[in-house]
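Please consult the sequence and the structure shown here before reading on.

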Amino acid sequence: MRASSLAGFRRLWPLLKPHRRRLLAGGLCALVAVASFPLLALLAGRLLPAIGAGDFRTVLRSVGLALGLFFLQKLAQFGQDVLLAGPALQVSQDLRRQLFGRLQQLDFSALETLSTGDLTYRLTGDADRVGEVIYKTLHDSIPCVLQLVAVLGLMVWIDWPLALATILLAPLVALLVSAFGARVMAAAERSQTKVSEVASLLGEAITGLPLVRAFAAEPWLQRRFDAEVDLHRRARYETLRLQALQHPVVGFIEAAGILAVLLIGAARIQSGGLSGQGFASFITALLMMIDPISHLTTNYNELQQGQASLNRLRAIEREPVEPPDPPHPQPLNSVRGDLRLEGVSFGYNPAQPVLREIDLWVRPGEVVALVGPSGAGKSTLFSLLLRFNTAQKGRVLLDGQDLADLRARELRQAVALVPQQSSVFSGTVAEAISFGRPASLESIQAAARLANAAGFIEALPESYNSRVEERGANFSGGQLQRLAIARAVLGNPAVLLLDEATSALDAEAEEAVQQGLKQAMRGRTVVVIAHRLSTVQGADRILVLEAGRIVEQGSHGTLMGRGGRYRDLCQRQLIHMDP
Ligand code: ADP
């Protein structure tokens, strides 16, 4: 086996280490099972001539002994399989958990470049395959290798010249196996890439189905899907074709090898170097090699495929992650909500700044509305305030403390986001609000009241224990927005970042959301990406952002009077009236 195929798997050893005891016990069972093979071959050496000679007593004794040996062997194999299955499954679970943990830390830019479907496939299909390979290796490949060694040892002991001839034939088989193995692996990798491409197209298609239908683009999507599926079929066929070719070729070589050994054996008996009984044992031992060799061949292919999967899993580990907390983070105590940006410049690509030299001071309790055309950098500014990204120049300060000196977790308790798309996870209503944070029912209820959500929640049959379906499908847009507001205020953050929804709700729902927002904003510093006239009018200050710079600021009245960019935005209806 090529070293590179094993290198990836060797790195899994730390995951196996905690299961040393079970592995050892399973290994002992494997040894017992393996040891029975040469003994059975020796017995066959006695049994076969006895059958020929009609020596019924010897036959009976040998059959009895063989039966006992078989029983022991099967028992040991059962023990081996059961004992080794646990650790193997555990390793694949640990691997999946590790990767999921890594996924949660991935840098947002990295996450955007990986498609959802592809990532899902890696964490399911690829992880399963790796688990399968680990299991196969532990309970099948390793015992097969041991069996080969034991049986070969017996063959050398019986007649070394004959054994030598056999051993010389073996590399021929091995050479063929590895030549094919490399091609199978390349084909398998191509076919797996195709599977995840189909998966990511599917993911896109499912979320984009309304859009597809709206544009009557079904035939186009169907053609794209057909083409992807066809490419996948071809890639898969190539793998299967290679495997199909591999089996007969290897099988034929094996048969020719055995026939050659028979010939040489006959010559050895004729020259008196080998007894008939010894030859019977030798041939039985030789037959006992076929099974493990064929298992190893198949497993080797799977190992190669598993290697491709493991590479794709490991690739996730090479993606950049969110920068870690500083080594000596400063504690963040009772935040007042004083936000400052001092000469902040940032670009996803440093050569193309998205925010340029931003100076801003938002006083505690102030409500600041951010307006500006799409692409101006409003969301990017939010990402800096949450430290999803870090400024390349300048500093962002919360209550005088540089965000870079804080623990991300503490910062994000003090600064809460109400996103534009009010997405919630499935679970109960209470879970949707607490979102993994330890919270009493009272505090959840208080947050819901503040967000003006308590009324509709308490009207649900199971109140706070009612189910929220995936993506909140069983709630209206306005209700989801209020749940998102409750989720944001639960930890009593000093700063609220509000990304106002662009699509308007009907008047009644809008009124309920606005009421919730008004209550949630009270006593907090608020920065809101605003799209509504009522929001900008209610703000203490409006900032107009354009191409990453603050080009105007002031109240609605002053800015309208000035007749600059703000008035322009209002006239172009980028800030619109409420329903
Ligand atoms: P706004 O919220 O005002 O519409 P954004 O902050 O979303 O603007 O975007 C500002 C600019 O940064 C745009 O040119 C956008 O294409 C770019 N941008 C936003 N997010 C990313 C990202 N993750 N990677 C690269 N460029 C981005």
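## Residues and helix packing

Arginine 522 is exposed, with a relative accessible area of 58%; exposed means over 50% relative accessible area, buried under 20%, and partly exposed in between, with a 1.4 Å probe and protein chains only. Arginine 522 sits in the loop between helix 17 (507-521) and strand 10 (525-529). Helices (H or I, at least four residues) and strands (E, at least two) are DSSP runs, numbered from the N terminus. From C-alpha to C-alpha, arginine 522 and valine 367 are 9.5 Å apart in space, and they are 155 residues apart in sequence.

The model is predicted: local features need pLDDT of at least 70, side-chain atom pairs count only at pLDDT 80 or more, and totals for chains, interfaces and linings use all residues. Residues are numbered from 1 along each chain as its sequence is written, and side-chain values use heavy atoms, with hydrogens and water left out.

Two buried residues come next. Threonine 239 belongs to helix 9 (residues 218-270) and is buried, with a relative accessible area of 0%. A polar atom of the threonine 239 side chain lies 3.5 Å from the backbone oxygen of alanine 187. Neighbours within four places in sequence aside, threonine 239 is in contact (heavy atoms within 4.5 Å) with Val184, Ala187, Ala188, Ser191 and Gln305.

Aspartate 126 is part of helix 6 and, at 0% relative accessibility, counts as buried. Its side chain makes a polar contact of 2.8 Å with the side chain of arginine 312. A polar contact is a pair of N or O atoms within 3.5 Å; within protein, one must be able to donate a hydrogen and the other to accept it, and residues adjacent in sequence count only if both atoms are side-chain atoms. When neighbours within four places in sequence are left aside, the contacts of aspartate 126 are Tyr121, Gln192, Ser309, Arg312 and Leu313.

Helix 11 (residues 378-385) is largely enclosed by the rest of the structure, because seven of its eight residues are buried. Among the buried residues are Lys378, Phe382 and Leu385. Arginine 387, which follows helix 11, has a positive phi, near 60°.

Axes are lines fitted to C-alpha atoms, for helices over the stretch in contact, and angles run from 0 to 180 degrees between N-to-C directions.

| Helix pair | Axis separation | Angle |
|---|---|---|
| Helix 4 and helix 6 (residues 116-158) | within 9 Å | roughly 155° |
| Helix 3 (residues 20-53) and helix 4 | 8 Å | about 160° |
| Helix 4 and helix 10 (residues 276-318) | within 9 Å | roughly 35° |

The angle makes helix 4 roughly antiparallel to helix 6; angles over 145 degrees count as roughly antiparallel, under 35 as roughly parallel, 65 to 115 as roughly perpendicular and the rest as oblique. Residues of this contact include Leu84 and Leu95 of helix 4 and Leu123 and Ile134 of helix 6. They divide into 16 nonpolar, five polar and three charged.

Helix 3 and helix 4 are likewise roughly antiparallel to each other. The residues of their contact comprise 25 nonpolar, nine polar and two charged.

Key
Ala, Val, Leu, Ile, Met, Phe, Trp, Tyr, Cys and Pro count as nonpolar, Asp, Glu, Lys and Arg as charged, and the others, Gly among them, as polar.
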